[in-house]
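Biologist: I've got this model open and would like to go through it with you. Take me through it piece by piece, please.

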Amino acid sequence: MKTVGFQLTTDFMPWFPAYIFTRVHPSNQIGRLQLHELIYCVKTAKVYLASMEPLLRTITANPRYLGTYVRSVKPCLLFKRKSGSQDFGSFNRGDGQPHRRPTFSGQTTCYSFLSPPSSYMISQRSLGGYHPAALVERMPKRVQPYMKLVRLDKPIGSWLLFWPGAWSIALAAPPGHFPDLSMLALFGVGALVMRGAGCTINDMWDSDFDRSVERTKLRPIAAGDISNFQALVFLGAQLSVGLSILLSLNWYSVILGASSMLFVVTYPLMKRITYWPQAVLGLTFNWGALLGWSAIQGSCDWSVVLPLYAAGISWTLVYDTIYGHQDKTDDLMIGLKSTSILLGDQTQKWLTGFSSVMVSSLLLTGVMTEQTLPYYIAVAVTTAHLGIQVGTLDINNPEDCWKKFRSNNRIGAILLAGIVAGTLAKVTLKQEPISDEKHEQENE
């Protein structure tokens, strides 16, 4: 038996990292932690979780086994003490009587609890029980795998899919007017549904690979919570909802939107055949830049939407290359390709280039739509954000990569705010030419 520390956050004191102790039997059944012991653990932050090594992943993935709702779990394995019998001393369980902490005899290993809480833990604590992952955990057990399959517990992907379409809708608004709110809402629902469909397709293609990657091995299909047939039926339902949304648009947009399915279906295959799957993802995720304009105007003004589309593709190359560095070790082992692997230590130089293309394309989009000062301020803020993001990136730190990846949601919001403000600030007064007759009448 081994003694292993786990840092976690509980409902009792969500702002305080606690360390939990419980006993695991050799039969691989996780022991239950008494409530008064848990409260004590939260107050002292000096207790341990005893576990056999094979159960580490199970405990990390299923913190509810600890006997209470736990918001996040993180192994803390910084240094070891010598093997042997370990006595953790006495403690007060809360009933007024001192108790001895269990003594483990034999081959045990004690770990310190010195590592800081992860950014994922911090984000969950700051959002409390309203974090999407927490909301998913509160849903009925039979629907949780489907919610996780479409990543409702990680909505960042839906936001990244939504932003290019929202930019395009806002750019297509008449000068001095807000964008069409009903169209923004429709594209928001569409982004949620189609991102879920894309994740389902991706997981169906990659279920064998997902089982070999630490970050993805617990996805519903890879873990066996959903069969391929169930996923296929669910995918049909998602695509039906997406089609109903698409059919509410004009026919130009219906045909344009349907053509994006080629990229949606083939993207998961790209990581098998090219080191640039992120470029294909960019073509897919930024299709809304074309669709948003046509949904408002009835057709595409290519002088506007193509620079916007190029900006979105470059943006995707930035954030998804960062995202890919989380899995590069596992990807190399199983033979998958990505820009993260291709670029390696030169990643930051390439990301700087991608960022430059994005900013240049946004500036060209502003010129073609006669944007005003607020828009260019937003582009300047975006440039600064990208510079800080790329300049401080640690490609060998998965936690930092995840943090930088998620920060791109702010870029989407900044640009949308700039487009809306810039459109509202446009000069809309257009003087009508005065005819010669009217001019003569005025002189008389």
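**Helices, core and loops**

Biologist: In which helix is T321 found?

Modeller: Ground rules first: this is a predicted model, where local features need pLDDT of at least 70 and side-chain atom pairs count only at pLDDT 80 or more, while totals for chains, interfaces and linings use all residues. Residues are numbered from 1 along each chain as its sequence is written, and side-chain values use heavy atoms, with hydrogens and water left out. Helices (H or I, at least four residues) and strands (E, at least two) are DSSP runs, numbered from the N terminus. T321 sits in helix α14.

Biologist: Is T321 buried or exposed?

Modeller: We call a residue buried under 20% relative accessible area, exposed over 50%, and partly exposed in between (1.4 Å probe, protein chains only). T321 has a relative accessible area of 0%, so T321 is buried.

Biologist: Which residues does T321 touch, not counting those up to four places away in sequence?

Modeller: A contact here means heavy atoms within 4.5 Å. By that test, the partners of T321 are Q278, T316, T339, S340, L343, T347 and L351.

Biologist: How far apart are the end C-alpha atoms of α14?

Modeller: The expected span of a helix is 1.5 Å times one less than its number of residues. With 23 residues (302–324), α14 should therefore span 33 Å. The model agrees with that, as the end C-alpha atoms are separated by 31 Å.

Biologist: How many of the 23 residues of α14 are buried?

Modeller: α14 is largely enclosed by the rest of the structure.

Biologist: Which residues touch the most other members of the largest nonpolar core?

Modeller: A nonpolar core is a set of buried Ala, Val, Leu, Ile, Met, Phe, Trp, Tyr and Cys residues joined through side-chain atoms within 4.5 Å. The largest one has 63 residues, and those touching the most other members are W167, F187, W315, M358 and L362.

Biologist: How are α6 and α14 oriented to each other?

Modeller: Axes are lines fitted to C-alpha atoms, for helices over the stretch in contact, and angles run from 0 to 180 degrees between N-to-C directions. Helix α6 (residues 156–171) packs against α14 at about 160°, with the axes 11 Å apart. Under 35 degrees counts as roughly parallel, over 145 as roughly antiparallel, 65 to 115 as roughly perpendicular and the rest as oblique. So α6 and α14 are roughly antiparallel.

Biologist: Which residues of α14 make the contact with α6?

Modeller: On the α6 side, the contact uses L160, W163, P164, W167, S168 and L171. Facing them from α14 are L308, W315 and Y319.

Biologist: Which handedness does the crossing of α7 and α9 have?

Modeller: The axes of α7 and helix α9 (residues 228–246) come within 9 Å and cross at roughly 155°, so the two are roughly antiparallel. A crossing is left-handed if the near helix is turned anticlockwise from the far one by less than a right angle, and right-handed if clockwise. For α7 passing α9, the crossing is left-handed.

Biologist: Which residues of α12 are buried?

Modeller: Helix α12 (residues 277–285) is mostly covered, with seven of its nine residues buried. The cover over those buried residues includes α6, α7 (181–210), α11 (261–273), α14 and α16 (339–343). The buried ones are P277, Q278, V280, L281, G282, T284 and F285.

Biologist: I see a lysine in helix α19; what is the relative accessibility of K404?

Modeller: Helix α19 covers residues 398–424 and holds K404. Leaving out residues up to four places away in sequence, K404 touches I322, Q389, T392 and L393. K404 counts as buried because its relative accessibility is 10%.

Biologist: Now the loops: what is the phi of R151?

Modeller: R151 is in the loop between α5 (144–149) and α6, and it counts as buried at 9% relative accessibility. R151 is not a glycine, yet its phi is positive, at about 60°.

Biologist: Is E370 buried or exposed?

Modeller: E370 lies in the loop between α17 (347–368) and α18 (373–391), and has a positive phi near 55° without being a glycine. At 64% relative accessibility, E370 counts as exposed.
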